[in-house]
Amino acid sequence: RAQTEEATQPDPTTMEIDSSTPSSSNGNKDASSSLSSRKRRFEETAETVEKKIVAGPNGEQRRKAVCKFWHKKKKFGFVTLQDTEEEVYVHKTQIKTFPLMLNEGDSCVLSAIRNDKGKLAAVDVHVDGCELANAEAGKMRALKKIAEMKQDKPPAFSFKFSSESTLDSKEKIAKAVSDYEMKITPWMCSWLKKNQVPREVKKVCQLLQRELERAAQDTAVDSEEFMSIVSNMGDIVSDQLMKRKQARLAVSDSLKNKHRRLEKQVARASEAQAGGDPSSASENKGDASSAQKGSAGATDQKMTRLQGLKGQGPVEALKAIINEFGPLSKKHLSAIYQKVTGAGFKATHGVPVTHILRENNTTFKLSRDKEWSVVSS
């Protein structure tokens, strides 16, 4: 009996092998199936898409449709084909025009395909009356927006008198100024730094409120004379803000151009130091390149005179760079030091450039343009 039981019991080693084999094979099957599905989903070529396109009744591949529904939050919707009146699913990623969305009633041109579920889905959707959403069109829209922002005028100040109100004249003026503050804040955020906006808005509104309260002492708030004063004050404030905005934008443009010129000088100097002298490479490019060669040569001479920076202290090194190149920002000071010495300023001296500049405020001074210069003795 014991011999028969031993014979009928399976070997434990074979049990472990048998039990482990199906699980590993299932895991491999699941991994291979997931990879294959990803390849089918994400690596589908244009040829396979063309094969899946559902043509219209007359064989046309590009078909007209009208938007029936669009979910703005989830960025998908449905359109109705004009030839067969079938509903087609549309996703934001398949819209090739700007903006990447549809509105109910918009007409568009698309290609319809059958998805994995056998339902119609739209690809290569072009909305009528919209421009293509490519990189060049995006740049043009950004430039247009900047131009509109430069010409955009500030909101007008308005003072509405109500005979039913129980507020006195000062409270009415304060309420009108606070409403104007809420209007003018987002407008100033479009061209001024956000940390400077509250201070500037407060200054403008306090001046406006003080002048209106002074005028309310001499004339009644509900009179025509006071309303004319209000309109004149609003025009004066708008003109002053517009001039301030144009001056600010002009200064920012000039600073950007200056930084670009300096970056080009540093790049040319680094190329010259590495052995690729840009002046010798552009000898036969006419008079247009002669000025560039002259500036590159001048920058090369400056960089050559700064070869002993690594052996100097941090203050002396920064003074030498500023004396050669003129007032510079901390970013350009660090860049020039690294180009000349081949090592970073902090790695060499153990402290950043900003720390040295601010600790030695008797030697260096910061201008309004955020550029550091040497204090003349």
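The paragraphs below follow the salt bridges of this predicted model and then turn to its cysteines.

Residues are numbered from 1 along each chain as its sequence is written, and side-chain values rest on heavy atoms, with hydrogens and water left out. Because the model is predicted, local features need pLDDT of at least 70 and side-chain atom pairs count only at pLDDT 80 or more, whereas totals for chains, interfaces and linings use all residues.

A search of the whole structure finds seven salt bridges, a salt bridge being a side-chain nitrogen of Lys or Arg within 4 Å of a carboxyl oxygen of Asp or Glu. One of them joins Arg62 to Asp124, with the closest N and O atoms 3.4 Å apart. This pair links distant parts of the chain, 62 residues apart, since Arg62 lies in the loop between strand E1 (53-54) and strand E2 (63-71), while Asp124 belongs to strand E6 (residues 120-127); helices (H or I, at least four residues) and strands (E, at least two) are DSSP runs, numbered from the N terminus. Arg62 counts as partly exposed at 35% relative accessibility, and Asp124 counts as partly exposed at 31%, where buried means under 20% relative accessible area, exposed over 50%, and partly exposed in between (1.4 Å probe, protein chains only).

Arg63 forms a salt bridge with Asp83, the closest N and O atoms being 3.1 Å apart. Here too the pair links distant parts of the chain, 20 residues apart, with Arg63 in strand E2 and Asp83 in the loop between strand E3 (76-81) and strand E4 (87-91). Arg63 is buried at 2% relative accessibility, whereas Asp83, at 33%, is partly exposed.

Strand E2 also contributes Lys68, whose partner Glu87 lies in strand E4, 19 residues apart in a chain whose distant parts the pair links. The side chains of Glu87 and Lys68 meet in a salt bridge at 2.2 Å, N to O. Glu87 is partly exposed at 41% relative accessibility, and Lys68 is likewise partly exposed, with a relative accessible area of 47%. Elsewhere, Glu200, Lys203 and Arg244 are linked in a network of salt bridges.

What of the cysteines? A disulfide is a covalent bond between the sulfur atoms of two cysteines, taken here as a pair of cysteine sulfur atoms within 2.5 Å. The structure holds zero disulfides. For Cys67, the closest cysteine sulfur is that of Cys108, at 7.3 Å, which is too far for a bond. Cys67 is buried at 5% relative accessibility, whereas Cys130 is partly exposed, with a relative accessible area of 31%.
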